[in-house]
Amino acid sequence: MTLDAPHTPALNETPRAPEGAVGVDGIGCHAGRETMLAAAREAGAGETLARYAKDYPAGPHDQPQSMCPAFGSLRVGLRMRRTATILSGSACCVYGLTFISHFYGARRSVGYVPFSSETLVTGKLFEDIREAVFQLADPGKFDVVVVINLCVPTASGVPLRLLPKEINGVRVIGIDVPGFGVPTHAEAKDVLAAAMLSYARREAEQGPVQAPRAPRAQEPTITLLGEMFPLDPIQIGGMLKPLGLAVGPVVPTREWRELYGALDCCAVAAVHPFYTASIREFQAAGRPVIGSAPVGVDGTAAWLDDVAKVCNIATEKLDAAKASLLPAIREALAGAPIRGRITLSGYEGSELIAARLLIESGADLRYVGTACPRTPWSERDREWLEAKGVQVRYRATLEDDLAAIDEYEPDLAIGTTPVVQAAKSRSIPGLYFTNLISARPLMGAAGAGSVAATLNMAIGNRARFTEMREFFSGVGEGAAAGVWPEAPKNLPETHGKASKPKANREDGAC
Ligand code: SF4
């Protein structure tokens, strides 16, 4: 079997995993990226992995440093109406993914097809998945059934591409989302969104499709790419109105039929810049794409210029829109200044636009790290930030983010859980990017000032962190860590309120 010509079983032939395929008791999740990649290529997934490598260029580390990437695809499926999602992977991975999806309020069942070494290697797993899809494909309940191959089934070549494309009018989409091929959960959203756009585009090319649930706007629309706070599309709609345009669906969509409306647009705004495969689908449909986002005064002005250019809006109309919109944003920013030195990092893909907003709010921002890759759609944000002296790091590692904290000694570190934890242990206030920044409006006048109160309050808490650090000084360190390679001698007196470790077994006590 070669990479270029993977074995495609006949329809009546049960696909079998190739010799040397990954088994649950053979090489598995922890075998390392290169081993898993080699196994997956050997098993016929070479074409998919080559596309992922191009779309999602890897960073300096060979494993995701955030949550399992497949969560991104799972979340996209779980947030859509009339969509069933099935995971195919190791039970431990599925447990974690199901847990986190319910933690984030999925309120929807996650399908799972379990496997063993035998069902994986003999091809029975594929048959089991096929059976599960047939059982679920009820057109009264679902528009689409999504099946997601996790690491081990991808590396074993479980051929989801051989699933029927449609059963009883229910669409079937199978995707591989391995941690060794898709670097972040953000990019995994793109994998499923693009697969859906591709399917919907082919449907639209073949004839009439289902109308959207809500009445369509009369004006030409701009489709928004990237999950955002619900107020943001409304804000953007308000900015488009004076240009004679309207806001279209947000991709990833909340329902299958919205995909047709998303494709039927005047232009696409890649508000989140990492949707490479989805952008390819829009471009194949002949839609122009613009990057960055309407954040702050400069960002909004440049974004409106781009919209006007790709939608052929007259200069007078554009100037009038800017004259009515920009002063309100300027005023909102001036009314909610942020005072303090900040470092910012995250894995959502909106880090650069959030950083722009902080700078226009007056923050002394020194560093922006994003787990996402550099793409053309954030180039303007990068240039703008670097012109302000900000260090921008794509595919940033946890080590990069921590080094920035050490270098810039910020008053506030915004970042992921381990970044916030590290900042607090240094007596630096920390805020979670995902929960506290990306879950707020960022666009237009509503975005200006939306984060200032939270950030200023956190910056003002530094004295409390210093107090807490003194109080807990020594807890969890050295002998107080509870791991004693040898019997501790000359134990220090109790640090703060932390209790002195009890004697160990060598002292005759449990
Ligand atoms: S699917 Fe892969 S990346 Fe996700 S938890 Fe399992 S081994 Fe890790």
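The views below are taken from a predicted model, and they begin with an overview before turning to single elements.

**View 1. The whole protein, a predicted model with 20 helices and 14 strands.** Of the 510 residues in the protein, 48% are buried. When contacts between residues at least 6 apart in sequence are considered, 70% of them join residues at least 24 apart. The UniProt record, in an unreviewed entry, places the feature "transmembrane region" at residues 84-104. In the model this span is 62% helix and 24% strand, and its end C-alpha atoms lie 17 Å apart.

**View 2. Helix H14, residues 379-387, with its buried and exposed residues.** Arg380, Asp381, Trp384 and Leu385 are buried in this helix. These residues lie on the same side of H14, because they cover an arc of only 130° around the axis. An α-helix has 3.6 residues a turn, so residues three or four places apart point the same way. Glu383, Glu386 and Ala387, by contrast, are exposed on the other side of H14.

**View 3. The cis peptide bond between valine 251 and proline 252.** Proline 252 itself is found in the loop between E7 and helix H9 (258-263).

**View 4. An open sheet of 5 strands, in the order E2-E1-E3-E5-E4.** The pairing in this sheet is mixed. Strand E2 (111-112) and strand E4 (166-167) are the edge strands, each of which pairs on one side only. E4 pairs with strand E5 (residues 170-176) in the antiparallel sense over 2 bridges, with isoleucine 167 standing opposite valine 170 in E5. Helix H7 (residues 185-206) packs on the sheet, where it touches strand E3 (144-149) and E5, and its direction makes about 140° with that of E5.

**View 5. Asparagine 168 and arginine 395, with a positive phi at each residue.** Most residues other than glycine have a negative phi, and most peptide bonds are trans. Asparagine 168, although it is not a glycine, has a positive phi of about 55°, and arginine 395, which is not a glycine either, has a positive phi of about 45°. Asparagine 168 is found in the loop between E4 and E5, whereas arginine 395 is found in the loop between E12 and helix H15 (398-408). Is each residue buried or exposed? Asparagine 168 counts as exposed because it has 11 C-beta neighbours inside 10 Å, while arginine 395 counts as buried because it has 20 C-beta neighbours inside 10 Å.

**View 6. Strand E13, residues 412-415, paired with E10 and with E14.** Leu412 and Ile414 point one way from E13, and Ala413 and Gly415 point the other way, with the residues of both pairs buried. Strand E10 (residues 341-346) pairs with E13 in the parallel sense over 3 bridges, and threonine 343 has alanine 413 as its bridge partner in E13. E13 also pairs in the parallel sense, over 3 bridges, with strand E14 (residues 430-432), where the bridge partner of alanine 413 is glycine 430. Together with helix H16 (residues 417-425), E13 and E14 make a right-handed β-α-β unit.

Technical notes
Residues numbered from 1 in each chain as written. Predicted model: local features only at pLDDT ≥ 70, side-chain atom pairs only at ≥ 80, totals over all residues. Buried ≥ 20, exposed ≤ 12 C-beta atoms within 10 Å, placed from the backbone. Helix = DSSP H or I, 4+ residues; strand = E, 2+ residues; numbered from the N terminus. Arc of directions from axis to C-beta. Pairing = 2+ DSSP bridges. Contact = placed C-beta atoms within 7 Å. Axes fitted to C-alpha atoms, helices over the stretch in contact; angles between N-to-C directions. UniProt positions renumbered as here; feature names shortened; annotations may be inferred. Right-handed = clockwise from strand over helix to strand, strands pointing away.
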